[in-house]
Amino acid sequence: MTPEDEAARLEERLNAEAPLIDREVQWPGLRLRQRTYLAGPALPDVLITSIRAVVFRRGRVVVIRERTGPPHVTPGGRRQVGEALETTLRRELREECGWSVGELRPLAFHHFYYLGEKPPGFAYPWRPFVQPIFVVEALAYDRTCLKRGDEIETGSSLMSVRRALNTVSGDQQTILQAALDLHRRHPPA
């Protein structure tokens, strides 16, 4: 099955679902529709471009600061060619916030599709893509793992959930609340 077929099958399945979040987003030079759904059946691997997590540590949560965007609770990033999802997430969390983590528990996923025309020279496939979001418990912190320099992220803080809910806004509050509900219902092993 081609990636385009996988994208069409996923879209057909999602038409029967109500998204947790539905909004238009602007990325540099691009307009996209972002719909976020609570985790369900497995996602087509070929459509997963990056992976994210809400990171808890003893009842607190990691909040990421960025150069250009507002604070958020979903660190993670782009997969490298041939990289397993779990490997990507563990690498990205170490690089962005310095934490190694335990079990990955599925929470939700962002489903993106492009609006408008493909820009000239656009390097990625022009098809819908997804970003799974997991809930994890942080195990150990190591600041030497942090990747800094040309990164978008400028730092992270471990804060109380109440403070985090007052620090992040809109969609990030919705995701954090869903993560907190899952974390309380199914605490890490």
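A residue is taken as buried when its relative accessible area is under 20%. The structure described here is a predicted model. Gln131, located in strand 8, has a relative accessibility of 6% and therefore counts as buried. Its side chain is joined to that of Arg52 by a polar contact of 3.3 Å. Leaving aside residues up to four places away in sequence, Gln131 also touches Trp27, Thr49, Ser50, Ala108, Phe109, His110 and Phe112.

The largest nonpolar core comprises 20 residues. Within this core, Val54, Phe56, Val61, Val63, Leu107 and Leu176 have the most contacts. At least two core residues come from each of strand 3 (50–57), strand 4 (60–66), strand 7 (105–115), strand 8 (129–141), helix 3 (161–167) and helix 4 (170–185). Helix 4 makes the greatest contribution to this core, with six residues. For Val63, a member of the largest core, the contacts beyond four places in sequence are with Pro71, His72, Val73, Gly155, Ser156, Ser157, Met159, Ala164, Thr167 and Val168.

Helix 1 covers residues 3–14. At 1.5 Å a residue, its 12 residues should span 16 Å, and the end C-alpha atoms are 16 Å apart, so the two values agree. Ala7, Leu10 and Leu14 are the buried residues of helix 1. These residues cover an arc of only 65° around the axis, and therefore lie on the same side of the helix. In general, an α-helix has 3.6 residues a turn, so residues three or four places apart point the same way. Arg9 and Glu12 are exposed on the other side of helix 1. The elements that cover the buried residues of helix 1 include strand 2 (30–38), strand 7 and strand 8.

The model contains zero disulfides, a disulfide being a pair of cysteine sulfur atoms within 2.5 Å. Cys97 takes part in none, and the nearest cysteine sulfur, that of Cys145, is 10 Å away. Cys97 is buried, with a relative accessible area of 1%. Cys145 is likewise in no disulfide, its nearest cysteine sulfur being that of Cys97. With a relative accessible area of 28%, Cys145 is partly exposed.

Notes
Residues are numbered from 1 along each chain as its sequence is written. This is a predicted model: local features need pLDDT of at least 70, side-chain atom pairs count only at pLDDT 80 or more; totals for chains, interfaces and linings use all residues. Side-chain values use heavy atoms; hydrogens and water are left out. A nonpolar core is a set of buried Ala, Val, Leu, Ile, Met, Phe, Trp, Tyr and Cys residues joined through side-chain atoms within 4.5 Å. Buried means under 20% relative accessible area, exposed over 50%, partly exposed in between (1.4 Å probe, protein chains only). Helices (H or I, at least four residues) and strands (E, at least two) are DSSP runs, numbered from the N terminus. Contact means heavy atoms within 4.5 Å. A polar contact is a pair of N or O atoms within 3.5 Å; within protein, one must be able to donate a hydrogen and the other to accept it, and residues adjacent in sequence count only if both atoms are side-chain atoms. The expected span of a helix is 1.5 Å times one less than its number of residues. The arc is that of the directions from the helix axis to the C-beta atoms.
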